[in-house]
Amino acid sequence: MAEIYDLAIIGGGPAGLTAYLYAARARLNTILIEKLSPGGQVLVTDFVENYPGFPEGLPGWELMEKFVAHVKKLGFKQKLGEVTGLELNGELKRLKLAGGEELLARAVIIATGASPNKLGVPGEKELTGKGVSYCATCDGPFFRDQTVAVVGGGNTAVQEALFLTRFAEKVFLIHRRDQLRAQKILQERAFANPKIHFIWNTVVEEILGQEKVEGVRIKNRKTGEISTLPVDGVFIFIGIRPQSDFVKGLLPTDERGFIITDCEMRTELPGVFAAGDVRAKACRQIITAAGDGATAAYMAEHYLSGA
């Protein structure tokens with residue numbers, strides 16, 4: 001008979017690894033399923049300066065290495081694979097993996113995270129972490145007194161452009177339309193900020209540079225004119241996508257696909273929890289993902305004990 005785990009954690013980023021840490025300390029028979037290597041999006045974060053306890057900052061991969069080392073001290077059980085299907089009703093949850101393998105668990109934490117939408121232009125992938133960023137809070141301080149471009153026109157793009165003005169000397173906001181989609185109050189703040197310069201009806205066609213970002217090649221959608229804009233960094237905010245396709249129709253999500261939970265990470269199905277960037281919430285940072293993971297594991301322990 002197949003082994004029945006107390007808890008299965010899907011996803012090995014900060015939320016999933018923290019959940020595993022707390023579950024292991026509670027002596028739950030736990031397995032973590034990750035389709036790549038543990039660490040999640042943080043692995044491609046060049047440098048982390050806002051995680052408590054590391055005042056000098058450290059590379060994202062190094063922080064995640066410390067997370068993994070911590071859970072390994074507690075007998076880390078992991079399986080590399082992708083969850084392609086779930087059966088979540090009833091006392092036993094069934095997880096179907098690519099390749100046909102199935103796992104059984106009494107409780108499940110979904111911590112699969114979210115990925116920023118990409119422009120899909122030449123230079124973007126090659127220069128990610130070398131001037132291309134998807135997080136102003138993470139990387140803004142590296143661009144003190146420099147010139148950066150922000151791509152996007154929604155709330156996040158405008159908020160992050162405003163945040164970047166604390167560090168950068170000049171912020172170009174590049175938007176494909178002739179007006180912003182952000183809330184009016186954010187627009188007013190951006191228009192009033194002398195550091196923000198707007199480039200309308202324009203798309204980025206290429207990010208330029210060898211070892212680091214040196215500029216962007218842009219195209220005006222109305223005139224067809226192509227030009228080069230010298231910048232030291234490019235911040236892309238054209239939306240994020242939760243890694244939640246495999247729960248579609250099984251759990252309530254918001255209009256963008258983020259899993260809806262209560263403040264204690266519980267979904268509407270007993271024994272099923274969600275933590276980290278995959279759930280609907282306002283702030284998506286390493287520290288909040290870790291907090292979600294701790295809460296989810298704590299609540300899973302209570303669920304399993306019947307408390």
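Student: Why is Cys263 called exposed?

Tutor: The relative accessible area of Cys263 is 66%. A residue is exposed over 50%, buried under 20% and partly exposed in between (1.4 Å probe, protein chains only). Cys263 is therefore exposed. Please note that this is a predicted model, in which local features need pLDDT of at least 70, side-chain atom pairs count only at pLDDT 80 or more, and totals for chains, interfaces and linings use all residues. Residues are numbered from 1 along each chain as its sequence is written, and side-chain values use heavy atoms, with hydrogens and water left out.

Student: Why is the disulfide of Cys135 and Cys138 called right-handed?

Tutor: The torsion about its S-S bond is about 70°, and the disulfide is therefore right-handed.

Student: Where is the nearest cysteine sulfur to that of Cys283, which is in no disulfide?

Tutor: The nearest one belongs to Cys135, 9.2 Å away. The limit is 2.5 Å, so Cys283 and Cys135 are not counted as a disulfide.

Student: What makes β8 and β11 edge strands of their sheet?

Tutor: Strands are DSSP runs of E with at least two residues, and helices are runs of H or I with at least four, all numbered from the N terminus. Two strands pair if DSSP finds at least two bridges between them. The open sheet has five strands in the order β8-β15-β9-β10-β11, with parallel pairing. β8 (132-133) and β11 (196-199) each have a single partner strand, so one side of each lacks a neighbour in the sheet.

Student: How do you know that β9 and β15 pair?

Tutor: β9 (residues 147-151) and β15 (residues 233-236) share four bridges in the parallel sense. At least two are required, so the two strands pair. Val148 stands opposite Gly233 in β15.

Student: What puts the buried residues of helix α6 on the same side?

Tutor: In α6 (residues 184-192), Leu186, Gln187 and Ala190 are buried. They cover an arc of only 100° around the axis (taken from the directions from the helix axis to the C-beta atoms), which puts them on the same side of α6. On the other side, Lys184, Glu188 and Ala192 are exposed.
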